[in-house]
Structures are given as C-alpha cells and as structure tokens.
Amino acid sequence: MNKITVKICMGTTCFVMGASQLQELMDIIPSKYGDKVEIQGVPCLEFCNVNTESNAPYVAVADTIVKNATVDKVLETIERKLGYGQE
Amino acid sequence: MDKNNQAIHLKKEILVKVIKAFYSDNFPESTRLIPFEMRPKGSEVPYRCCIYKEREIIRNRTIAGLGYPMEGADERLLLSGYAEGSLKREKPDEQMLTVLELACKGCVPNRIFVTDLCQGCVARPCLENCKFDAIKIVNGKSQIDSSKCKLCTKCIQVCPYHAIVKLVVPCENVCPVGAISKDEQGHARIDFEKCIACGKCVSACPFGAIHEKSQIIDILNKIKQGKKVVAMIAPSIAGQLPGNIYQIKTALLMCGFYDVLEVAQGADITAKNEAKEFAQRIENNEPFMTTSCCAGYNNLVDKHMSEIAKYRSDTKTPAYYTAELCKQKYPDCISVFVSPCVAKKSEAQKNDNIDYVMNYEEMGALFIANKIEVSELEPTPFDVESSREGRNFGIVGGVAESVKAADCNKTDVKPYVINGINKDTIRELRTYAKKGECDKGNLIEVMCCEGGCVGGNACINTIRTATKSINDFTKDSKPICE
C-alpha cells in the first residue's frame with residue numbers, strides 16, 4: 001500500500017483561522033500510524049484563493065481536501081484512506 | 001476551553017469580512033450584506049434555530065467588530081448605519097467587552113447535580129460528608145436540595161461512582177473577580193466596575209457571546225486619511241505566525257502602517273528600571289516586590305487588592321515606554337499597540353500616548369484581507385534591536401528572568417511566578433500581602449494569563465508552540481547585561 005501524505009497548510013490564512021491548533025498532529029500522526037502516513041507543514045496551498053477563508057484551515061490528505069479542518073476530521077480522513085473499519 | 005473551536009473561528013471570519021468591507025468600494029453596503037453573504041438563501045443552519053437568527057447573531061457580531069457595544073444597541077439601525085458611524089468616531093468606546101444577549105444561551109446557574117449513575121449505595125459517603133445537610137435520599141438514590149447546597153463539591157470528591165457533577169456557567173466560573181452575573185432573563189451581564197478586562201470570559205463562552213469591541217476600523221480609517229499610523233508590536237507576537245518579527249514588520253508596512261516598533265525595546269527599559277527599583281527595595285528591607293507589566297494584574301490590584309499595591313513595582317510597563325519613544329520619534333503619529341489580550345485596551349485608555357489597540361486576531365484578519373503571506377516576505381530590520389530578555393517578556397517567567405538579568409548579579413534575586421490569575425492565586429497573593437512576606441521568593445512575577453502573554457485571549461498560536469518559537473528566536477539576541 002502506498003504511503004499517505006498529509007499536508008497541513010501553514011499559509012497565513014489557514015494558520016490564523018485554526019491551523020495553529022493542528023500542529024499537534026505533527027506528534028500524533030507519527031506515533032499513531034508509524035511510517036504508513038507522512039505529515040508535513042507546507043506553505044500556502046492556495047485553497048483559500050480558490051474557495052474562501054471561511055472554510056480555512058485546509059488540510060490535504062493524499063488527494064482529499066479537508067475543509068474547516070480539525071484534528072479529529074483529519075484523523076478520520078486518514079483512517080478512511082487506510083481502510084480502517086471496513087473489514 | 002480549547003482554542004480549536006467554531007466560536008473563535010466565527011469571530012475571526014467576521015473580522016475578515018468587516019475589513020474586506022472597509023476596503024470595498026462601498027463600506028456601508030458591503031457591511032450590511034455580511035450576514036447574507038455568510039448565510040445565503042438556502043444555506044445550512046449550523047448552530048441556531050433558523051437562518052434568520054443565525055443572520056441576526058452575525059449582525060450582532062459585526063456590530064462588535066465595528067467597535068460598538070450591544071448593550072443598549074438600536075436594533076432598528078442597519079449595519080450600514082453602524083459602518084457609517086464608525087468612520088466618524090474619534091475615540092474608541094470606553095468599555096472593552098460586550099455581551100451579545102442574543103447569542104448568550106442563558107446557561108443554567110452553577111449547581112451540583114446527581115446523575116443517573118448514582119447506584120444508591122449503602123455507604124452513602126455523599127450524605128455523610130455534606131456539611132450543609134443538602135443531600136437527601138429519594139427512592140434509594142441521592143438528591144441535592146439546591147436551597148441548602150453551598151457548591152463545596154465535597155460530595156463530588158467522595159462519590160465512588162463519579163455520579164455527581166458540577167454544572168458551571170463557563171463565563172461566571174472563569175471570571176476571577178466575580179464580575180459576571182445573570183440579569184433577570186438569565187443572560188450574562190458584566191459589571192464593569194469589577195471587571196479587570198482579563199478576557200478569560202471571551203475565551204470561555206462556548207456560544208461566543210462575549211466579544212471584544214474591535215478598534216480595527218478606527219485604525220484603518222486613520223491610515224486611509226493619510227495619518228502616520230505607527231504599530232508597536234508586543235514581544236509575544238514572535239510566536240504567533242509562521243514568519244519572524246522582521247517579516248511581520250514588512251506585512252504591517254504593506255497594510256499601510258508608517259513604521260513598526262518593537263515593544264521589547266520598552267521591555268528592556270522596564271527590566272532595567274525594575275531591577276534598580278528591586279535592589280533599592282531589598283536594601284530597604286522590604287520582603288518582596290511584584291512585577292507591574294501585566295495590565296490584567298494592574299487592574300486587579302487597582303480594583304480589588306489595594307493591600308498588595310505597596311509591594312507592586314512602580315516601574316512602568318513596556319507598552320508605556322515604547323509609546324513614549326514612539327511619540328518622541330513621531331510627535332504627530334497615531335500609535336497602535338499590537339496586543340495579545342484585551343486588558344491592554346484598558347491600559348491604553350489610561351495612557352494618552354497609546355491611541356489604539358489591535359489584537360493578534362485582528363492583525364491576522366488584516367493580513368488575510370490583504371492576502372499577505374507573512375513567511376514569504378522580505379524581512380525589514382528595526383532601528384533598535386532589543387535584547388533577548390526584553391523579547392522574552394511574553395512567556396511565563398520571562399519578566400522575572402529579565403529583571404534578574406538586568407540586575408547583573410548585584411542583588412540576591414529569588415524569582416517566583418504566579419502563572420495565571422484565578423480565585424486560588426488571588427487568595428495566595430492576598431496572603432503574602434497580609435503577612436508581609438512570601439516564602440516562595442522575593443520577586444513575584446504576576447501573569448494574568450496562564451503561560452504568560454502567549455496565553456492571552458487573542459493569541460493565534462498555541463501556548464506550547466508559541467513559547468518554543470520565541471525561545472528559538474531569542475536565543476540569538478544580545479543579552480541585556482553587557
């Protein structure tokens with residue numbers, strides 16, 4: 001199975017609108033999923049320009065964009081991708 | 001309450017909309033449309049009973065964003081009218097906070113409640129331990145007589161099934177000075193005679209019903225009028241955004257500010273003066289001294305704790321010295337303190353050298369509205385580089401450390417930190433004042449917010465990461481004692 005890459009947008013808009021609170025994912029994800037998931041804080045992904053700041057912070061979990069991202073929402077999306085709970 | 005919540009998100013979203021409206025061709029009309037833009041026809045109703053109530057509460061939040069109180073607001077006046085009025089205002093409103101009665105849930109009063117988890121045990125430790133005879137057994141289970149209960153929580157502590165809970169009103173519960181009570185309808189009301197403007201209620205209310213009145217429109221209006229508007233950035237700003245203070249300076253210049261000064265420059269003066277004052281006081285055999293840089297603490301002493309006033313340092317705050325320098329450098333400027341908390345708004349009101357206060361959330365909203373990517377900007381240097389200690393003022397323990405360092409090992413400094421003002425630490429401080437001694441140390445740093453200024457109500461980043469970024473940044477700054 002391919003490794004899942006999670007990108008937390010650290011652009012000004014996302015950071016102000018709540019990505020600051022997502023930084024704990026940097027600790028949670030490696031300890032929870034080991035090398036199955038890679039997490040990065042990245043410069044502005046431009047989602048706020050395409051959509052609006054109202055739905056920031058944005059997080060990309062592989063090819064899925066999580067709007068109004070929270071720690072729980074991101075973890076849920078990762079687990080869906082990993083196929084947890086589908087057996 | 002955790003800062004990752006929808007109430008805070010909503011408040012920031014509204015600030016961005018208000019600023020965008022200001023920049024638009026028609027400020028009054030764009031402002032009037034904010035509730036409709038945020039909740040268009042047919043949109044989801046995420047929080048309240050219907051779309052009309054959602055829009056009305058957004059309208060209320062916008063009024064606070066324009067700097068007006070909701071207490072006594074005219075509900076017939078359109079947002080466009082408020083927007084027009086905000087442009088004509090010469091001075092910000094006297095009180096810093098406002099309660100949005102419509103957004104306030106009117107939580108049930110604080111009380112102790114026995115849940116269904118009560119097993120009706122034989123031991124009945126709740127009954128045995130209640131000193132007020134407030135517990136009775138009904139149908140084999142415990143029940144609390146609220147007319148007798150004194151909220152001591154003894155029963156909660158002794159119940160083996162954790163079946164008893166305390167229901168709290170978050171704003172009332174977090175207010176350290178009892179300034180919030182309920183009006184006849186059960187809505188929160190702030191007693192401004194008692195309020196120390198600490199901002200804890202703003203962060204605590206799960207309905208986001210308590211707002212800071214923003215001064216952002218006043219500031220932007222002065223910039224638009226071509227005034228020299230100078231920003232003074234508090235030390236805690238270094239940990240708030242991806243990007244350093246030199247890039248934040250560039251960002252503020254891009255928003256139209258004429259110049260940007262580091263308040264750490266004033267913090268250096270505070271540290272040096274306070275070190276001298278401390279040495280003098282110890283020589284005079286005084287038992288201890290408290291710091292005096294925190295606006296929330298100063299309000300607490302002035303309004304509720306006169307007994308400790310003589311132990312509080314007479315040295316002025318970093319904001320005071322920086323504002324003085326700012327007005328010397330640019331006598332005709334409009335000075336804006338860029339702040340982690342609402343308490344500084346109350347300090348600014350007592351200081352003619354500080355014209356306005358913009359908090360970090362408002363600054364963040366300003367950068368969003370201007371589409372500024374702080375971390376990608378070129379840095380702009382400051383005329384005066386501040387010391388490591390001055391730049392550490394915003395993290396807990398930083399002030400006491402800076403005074404100790406500025407003393408250059410001449411006096412026996414034993415720092416002790418009050419990390420956050422609450423009912424317990426107020427009691428602790430009162431004891432020191434009454435006894436005239438403190439066994440924990442002789443220099444007491446008092447921080448109203450847990451974690452120091454990085455824990456302020458308007459901070460963007462978490463305390464942990466903000467503290468780490470500040471430490472990383474300041475380790476290369478010059479020491480205060482050369």
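Me: What makes Asp133(B) count as exposed?
Reply: In this predicted model, Asp133(B) has a relative accessible area of 54%. Exposed means over 50%, buried under 20% and partly exposed in between (1.4 Å probe, protein chains only), so Asp133(B) is exposed.

Me: Why is the contact of Lys148(B) with Asp133(B) called a salt bridge?
Reply: The term requires a side-chain nitrogen of Lys or Arg within 4 Å of a carboxyl oxygen of Asp or Glu. For Lys148(B) and Asp133(B) the N to O value is 3.8 Å, so the pair qualifies as a salt bridge. The pair ties together parts that are 15 residues apart in sequence, because Lys148(B) lies in the loop between β4 (141-144) and α7 (154-158) of chain B and Asp133(B) in the loop between α6 (125-129) and β3 (135-138) of chain B. Helices (H or I, at least four residues) and strands (E, at least two) are DSSP runs, numbered from the N terminus.

Me: Which residues join Glu53(A) in one network?
Reply: Salt bridges with shared partners link Glu53(A) with Lys17(B), Lys20(B) and Glu37(B).

Me: On what basis are features and side-chain values counted?
Reply: Local features need pLDDT of at least 70 and side-chain atom pairs pLDDT 80 or more, while totals for chains, interfaces and linings use all residues. Side-chain values use heavy atoms, without hydrogens and water; residues are numbered from 1 along each chain as its sequence is written, and chains are lettered from A and ligands numbered from 1 in the order in which they are written.
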